[in-house]
Amino acid sequence: MNIGIVCYPTFGGSGVVATELAKGLAQRDHNVHILSYARPARLDTFRTNISYHEVNLNTYPLFEFPPYDLALANQMVSLIEYEDIDVLHVHYAVPHATSAFLAKQIMGEKAAHVPIITTLHGTDITIVGSDPSFKEVVDFSINQSDGVTAVSEYLKKETYDRFDIRKDIKVIPNFIDLDRFKKSDKLHFKKAICPNDEKVVVHVSNFREVKRVPEVVSVFAKILENDIQAKLLLVGDGPDRQKAERRCRDLGICSEVRFLGKQENVEEILSIADLFLIPSGSETFGLAALEAMSCSVPVISSNIGGLPEVNIHGETGYLCDLDDVECMAEYGVKILGDENLHQELAQNARKRAEKFEMSGIITRYEQYYQVVREQLMERSGA
Ligand code: GMT
C-alpha cells in the first residue's frame, strides 16, 4: 500500500508513535509518506520506502497567525494526487483530521477511494480538542473520518463522553520495540552518574504542567529522607523546567538531581534506572512508562487515564492517587529498599511490555487499514 502518515515531529507522544509505525510499515514493503512541519525526531536516518514531505508554510505580513491547516490540506492534496495514496492516516485530531477532510473535499471523486483514518492520542481530546475554541470542529472532523482509533480504552470512553461521536472507535494501543528498549550494560554511565553505587530514579517527559515534574522532585526528596542513597535523572525539557529546578533548590537536593535535557537514546538511560516516576495529571496511555517497563524498570504512576492499562498495581510497580506525594514516596522506598521485590517487579514489567510488542500492533493497523478501505469501497459501490 501507499500510506500517508501525518503527524507532529515532536520527541514524545503521538509523533513518536506515528514515526515508529511508519518505520514498521516500511519494513513490510509499504511505501510510506510522512507529512509534518519538521522532520520527526525519530526519523533519524534515511530509510528505503519512507519519504518525508515538509509542510510549506509561507508567511505574509497580513497574517499574524499563518494558516497552517490550509497549507497542510494543500499538501495532502498533492500527496494523494501524485503519490497515489491508498490510506491517509492522521495522528492527533487537531488540526490534522480537519485538514484531511478539507483535502478530500477539494479532490472530490478523485479521492473518494482514499480512507482517512484518525488516531486519537490524548490532549487532542482531553485538553486541546475539548476546548470551546475547537470543540465543534473536532467533533465534526472525527465524525468525517472513515476510521477512528484511540490508544487506550480510557481515551475511547473519554472521546464518547466529551464529543458527539457517531463512529465506532477502535482501540489499538501504543507499542514498543522490545529489541531497542531492553536493559543493556551501561556500567560506565552508571559509574559516572553514581560513583557510590546509588540507586537511579528516572523521569522522562516534555516537562509540561500536566507531567508534574516538580512533584517528581518532591517524591524523590522524600525517598532520600528515608535513607535511600539515590540520584534523580530528569530527561526532557519544557515549560516546567525552571519550576523543577527551583523545587530542587528549595528542598536542598540539587546535588542529587541531574537535568539531562532532551535525549535521543532514552533506552540507554533507562538501562541504569531502578525506578521510573510518572505522576501525570492526565495521561491517555503513558508511552514513557511502557518504554521504562520494557527496559525492566518498575514504575510508580498516578492512577489516572490510561496508566492503569499499562502499569499494573503490585505487579509492574504501583499506582497512587493524583498528587499523593506521600504514597508515591512510600512505594519508592519500598521498591528501592527491597532487592527481591525490585527484581520481581522488574521482571513483571518487562513481561507486561511484551504484550505491547511492536509487530503485533503494526499488524493490527494493517488489518484495520484493509477493513476501512473495504468499507469505503462498499459504501461508494466501487
Ligand atoms: O503529552 C504528550 O506527551 C504528547 C501527547 C500527544 O498527544 O502527542 O501524548 C499523548 O499521546 C501519547 C502517545 O499516544 C500517549 O502515550 C500520552 O499518554 C498522551 N499524553 C497525554 O495524554 C497527556
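**View 1. Helix 3 and helix 5 in a predicted model.** Helix 3 (residues 96-107) and helix 5 (residues 135-144) have axes that come within 8 Å and cross at roughly 60°. Helices here are DSSP runs of H or I with at least four residues, strands are DSSP runs of E with at least two, and both are numbered from the N terminus. Axes are lines fitted to C-alpha atoms, for helices over the stretch in contact, and angles run from 0 to 180 degrees between N-to-C directions. Helix 3 and helix 5 are therefore oblique to each other (under 35 degrees counts as roughly parallel, over 145 as roughly antiparallel, 65 to 115 as roughly perpendicular and the rest as oblique). The crossing is left-handed, meaning that the near helix is turned anticlockwise from the far one by less than a right angle; clockwise would be right-handed. A97, T98 and F101 of helix 3 touch V137, F140, S141 and Q144 of helix 5, where contact means heavy atoms within 4.5 Å. This contact has 4 nonpolar, 3 polar and no charged residues (Ala, Val, Leu, Ile, Met, Phe, Trp, Tyr, Cys and Pro count as nonpolar; Asp, Glu, Lys and Arg as charged; the others, Gly among them, as polar).

View 2. The strands follow the order 3-2-1-4-5-6-7 with parallel pairing; two strands pair if DSSP finds at least two bridges between them. On average, neighbouring strands are turned by 25° against each other, direction ignored.

**View 3. Strand 1, strand 4 and the helix packed on the sheet.** Strand 1 (residues 2-6) pairs with strand 4 (residues 87-91) in the parallel sense over 4 bridges. Within this pair, I5 lies opposite H89 of strand 4. Helix 3 packs on the sheet and touches strand 1, strand 4 and strand 5 (116-120). The direction of helix 3 makes about 155° with that of strand 4.

**View 4. Helix 8 against helix 13.** Helix 8 (residues 213-225) packs on helix 13 (residues 325-336) at about 50°, with the axes 8 Å apart. The two are therefore oblique to each other, and their crossing is right-handed. From helix 8, E215, S218, V219, K222 and I223 meet V325, E326, M328, A329, G332, V333 and L336 in helix 13. By class, this contact has 7 nonpolar, 2 polar and 3 charged residues.

**Notes.** Residues are numbered from 1 along each chain as its sequence is written, and side-chain values use heavy atoms, with hydrogens and water left out. In this predicted model, local features need pLDDT of at least 70 and side-chain atom pairs count only at pLDDT 80 or more, while totals for chains, interfaces and linings use all residues.
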